[in-house]
Amino acid sequence: MTRYGLLILPATNRVYARSAIDLTRAELEIFGLSALDGQIGELDTEVVGGASYVTFTGDGLTERDLTVLGNLSAGYALFEIVGELLRPIEWSRLDRYDDDLLTIQKYPGKTNEQFTKLLLNVTLLASDWATEMTSRRFRVLDPLCGRGTTLNQALMYGFDAAGIERDQKDVEAYRAFITTWLKQKRVKHRVLESGPVRRERKVVGRRVRIELAPTREEHKAGQTQLLDVVNADTARSAEFFRPETVDLVVADAPYGVQHGSRTAEKGLTRDPLALLADAAPVWARLLRPGGALGISWNTHVASRDDAAAALADAGLTVVDAEPYRALRHRVDQSIMRDVLVARRPA
């Protein structure tokens, strides 16, 4: 049995950094259970040379296993532990674009990129296609997409990305960012649609759809990704996206402190449960059977049991395995963030 040491990527957010080791251990365990045939064992934490490592055992990781593990949200480098020595192990990631796609945007309320990646990972690993992480082109929907942090992570992985956001300013800011970034990076792309969506002569939303590919060769061969962002209320998602066309729904819900949650009936409220009751049934219908939904929220304004009940009422099966319960962590004094993942039964 081989012993490994995982060096943790430093987090820019100090509060998140204090939780990073525990979150990485939980995420690594989820990877092991879902995508690596239970190969991850004997998880521990060690400090070597002043740096923190998550250690684990594995029965000879294959090249495919290393490609999977390379996508750990806080993974910086992997080593085989040989006595008192660390032997570097080469691994690879799904990343298709320069990392400034994820880091260049700075604005109040932006979700930490490492956490966004973790949320996408654990949702994907709960789906029926966990073992296809490195080979399947997933379609990811963020139904509360804001300025596109989750959309950018999905694009980075080579997935199709769809989003819906009520705030027109956020959608316009994201459209301006992504179109400028694609041009500056000389990424081959084509704007398929940009402007108002009309039905029965009325404007029902605004939409931007962009086809893109990492290389000209891939674009020419038709190996493209689709970015599709709608400015409309999330409870109306089914008006813009067809049922059973989404593999993963991933959302970082408003925390009810700075942003609040909006529903059609109650307007602005600090209760994310109202948002889930209104929108989760719509999101569930968009999921393919076997797909998964992952959502994070502030437990100070809604309990885990109540949030889980809202997802169950939407016809989803909550994943309640122990490592998923270990994803709760503090963001700041007023926010204790938790993660719920649920599947649409196949």
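**Val140**

I started with Val140, which counts as buried at 2% relative accessibility. The model is predicted, and I read every value with that in mind. Val140 has its place in strand E6, residues 139-142. I then asked what Val140 touches, leaving aside neighbours within four places in sequence. The contacts are Leu120, Ala154, Phe159, Asp160, Ala161, Ala162, Leu248 and Val250. I also checked Leu151, 11 residues from Val140 along the chain. The two C-alpha atoms are separated by 7.7 Å.

**Thr149 and helix H5**

H5 covers residues 149-156, and Thr149 lies in it. Is Thr149 buried or exposed? Thr149 is buried, because its relative accessible area is 10% and the cut-off for buried is under 20%. Beyond four places in sequence, I found Thr149 in contact with Tyr107, Lys110, Thr111 and Thr116.

How many residues of H5 are buried? Eight of the eight are, so H5 is largely enclosed by the rest of the structure.

**Second largest pocket**

Gly158 came up again when I looked at the second largest pocket. I noted about 210 Å³ of space in that pocket. The lining has 15 residues. Which of them are closest to the pocket centre? They are Arg96, Arg136, Arg137, Tyr157 and Gly158. I then sorted the lining by class: five residues are nonpolar, six are polar and four are charged.

**Leu182 and helix H6**

Next I looked up Leu182, placed in helix H6, residues 168-184. At 1% relative accessibility, Leu182 counts as buried. Not counting residues up to four places away in sequence, Leu182 touches Val187, His189, Ile210 and Leu212. I also took the C-alpha separation from Leu182 to Leu248. The value is 24 Å, for two residues 66 apart along the chain.

**Two loop residues with positive phi**

I turned to backbone angles in residues other than glycine. Arg201 has a phi near 65°, a positive value. Where does Arg201 lie? Arg201 is in the loop between strand E8 (189-199) and strand E9 (202-212). Arg201 is exposed, because its relative accessible area is 85% and the cut-off for exposed is over 50%.

Glu244 is another entry of this kind, with a positive phi near 55°. I placed Glu244 in the loop between strand E10 (225-231) and strand E11 (246-252). With a relative accessible area of 39%, Glu244 is partly exposed.

**Helices H8 and H9**

For packing, I looked at helix H8 (residues 272-286) and helix H9 (residues 304-313). Their axes are 9 Å apart, at an angle of about 10°. H8 and H9 are therefore roughly parallel to each other, since angles under 35 degrees count that way. Which residues make the contact? From H8 they are Leu273, Leu276 and Ala280. From H9 they are Asp306, Ala307, Ala310 and Leu311. By class, I noted six nonpolar, no polar and one charged.

**Largest cavity**

How many are of 30 Å³ or more? The count comes to one. I noted a volume of about 50 Å³ for the largest cavity. Its lining consists of Ala253, Pro272, Leu273, Leu276, Ile295, Trp297, Ala302 and Ala307. Among these, Leu273, Leu276 and Ala307 were already in my list for the contact of H8 with H9.

Which element gives the most to this lining? H8 does, with three residues. H8 and strand E14 (287-298) each supply at least two. By class, I found eight nonpolar residues in the cavity lining, no polar and no charged. I set that beside the second largest pocket, where the lining includes six polar and four charged residues.

Methods. Residues numbered from 1 in each chain as written. Predicted model: local features only at pLDDT ≥ 70, side-chain atom pairs only at ≥ 80, totals over all residues. Heavy atoms only, no water. Axes fitted to C-alpha atoms, helices over the stretch in contact; angles between N-to-C directions. Helix = DSSP H or I, 4+ residues; strand = E, 2+ residues; numbered from the N terminus. Parallel < 35°, antiparallel > 145°, perpendicular 65-115°, else oblique. Contact = heavy atoms within 4.5 Å. Nonpolar A, V, L, I, M, F, W, Y, C, P; charged D, E, K, R; others polar. 1 Å grid on protein atoms, 1.4 Å probe; cavity = no way out; pocket = protein on both sides within 12 Å on 5 of 7 lines; lining within 4 Å. Points joined across faces, edges and corners; volume = space filled by probe spheres on them. Buried < 20%, exposed > 50% of the residue type's maximum accessible area, 1.4 Å probe, protein only.
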